[in-house]
Structure formats: C-alpha cells, structure tokens
Amino acid sequence: MRLLVTGAAGFVGGHLLEFLRAEQPGVEVHGVVLPPGGAAWRRPAGVRALEADLNDRAAAAAVVDAVRPQGILHLAGQASVH
C-alpha cells in the first residue's frame with residue numbers, strides 16, 4: 001500500500017509517520033512538507049519526502065500525480081489561528 005501524509009512535519013504528522021514505519025511494514029509512506037524542507041522536520045527513515053505548498057492547486061496535483069497514493073492522510077493545516 002502507498003500512503004501520502006500531508007502535514008508530515010507537524011506534531012501529529014510526525015508521530016503518525018513514526019507509527020506507520022514501526023507498525024506497518026511494507027507500507028510505502030510519502031510525507032508532504034512545506035518548502036523549504038518543512039523547517040526543522042526530522043524525517044523518519046524509510047519515509048519519502050516531497051515539498052509542496054498545498055495551497056497551490058498545481059503543486060498539490062503534482063504531488064498526487066507523482067505518488068499515485070492508495071490512501072491520503074490529510075493532516076496539513078493551521079493549528080493555531082489567532
């Protein structure tokens with residue numbers, strides 16, 4: 001199975017990636033982060049990273065076209081809005 005996780009550099013996304021790598025062997029995991037490199041993102045081993053601003057429709061479509069995921073876990077978003 002091939003999964004695409006948006007918000008991979010966030011708190012929940014980071015923990016989900018670690019869980020998927022540890023508990024779901026054989027799952028191909030792709031993490032989407034904001035350019036450049038999701039700031040201080042520590043990518044778990046075995047996770048393929050893609051940089052894209054999902055507010056850009058063309059960039060989001062390019063990511064989906066490149067990965068061809070069988071499932072998308074959408075965790076990208078503004079966590080604290082003032």
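**Figure 1. Burial and overall dimensions of the chain.** Of the 82 residues in the chain, 32% are buried. The model shown is predicted. Along its principal axes, the C-alpha trace spans about 35 × 25 × 20 Å. The radius of gyration is 12 Å, which agrees with the value near 12 Å that a compact globule of 82 residues would have.

**Figure 2. Order of helices and strands.** The chain contains two helices and four strands. Read from the N terminus, these elements follow the order β-α-β-β-α-β. Contacts between residues at least 6 apart in sequence were also examined: 55% of them join residues at least 24 apart.

**Figure 3. The salt bridge between Arg48 and Glu28.** One salt bridge is present in the structure. Its partners are Arg48 and Glu28, and their closest N and O atoms lie 3.3 Å apart. The pair connects distant parts of the chain, with Arg48 in strand E3 (residues 47–51) and Glu28 in strand E2 (residues 28–33), a separation of 20 residues. Side chains of opposite charge can pair when their charged atoms come close.

Figure 4. Glu28 has a relative accessible area of 28%, so Glu28 is partly exposed.

**Figure 5. The largest pocket and the residues at its centre.** The volume of the largest pocket is about 450 Å³. The pocket is lined by 22 residues, and those closest to its centre are Gly7, Leu34, Leu75, Ala76 and Gly77. Rolling a probe the size of a water molecule over the atoms shows where empty space is left.

**Figure 6. Make-up of the pocket lining.** Which elements supply at least two residues each of the lining of the largest pocket? These are helix H1 (11–23) and strand E2. H1 gives the largest share of this lining, with three residues. By class, the lining of the largest pocket consists of 14 nonpolar, seven polar and one charged residues.

How values were computed. Residues are numbered from 1 along each chain as its sequence is written. This is a predicted model: local features need pLDDT of at least 70, side-chain atom pairs count only at pLDDT 80 or more; totals for chains, interfaces and linings use all residues. Side-chain values use heavy atoms; hydrogens and water are left out. A salt bridge is a side-chain nitrogen of Lys or Arg within 4 Å of a carboxyl oxygen of Asp or Glu. Buried means under 20% relative accessible area, exposed over 50%, partly exposed in between (1.4 Å probe, protein chains only). On a 1 Å grid over the protein atoms alone, a cavity is a set of points where a 1.4 Å probe fits but cannot get out, and a pocket is an open set with protein on both sides within 12 Å along at least five of seven lines; lining residues have an atom within 4 Å of a point. Grid points are joined across faces, edges and corners, and a volume is the space filled by probe spheres set on the points. Ala, Val, Leu, Ile, Met, Phe, Trp, Tyr, Cys and Pro count as nonpolar, Asp, Glu, Lys and Arg as charged, and the others, Gly among them, as polar. The radius of gyration is taken over C-alpha atoms; the globule rule is 2.2 Å times the number of residues to the power 0.38. Contact means heavy atoms within 4.5 Å.
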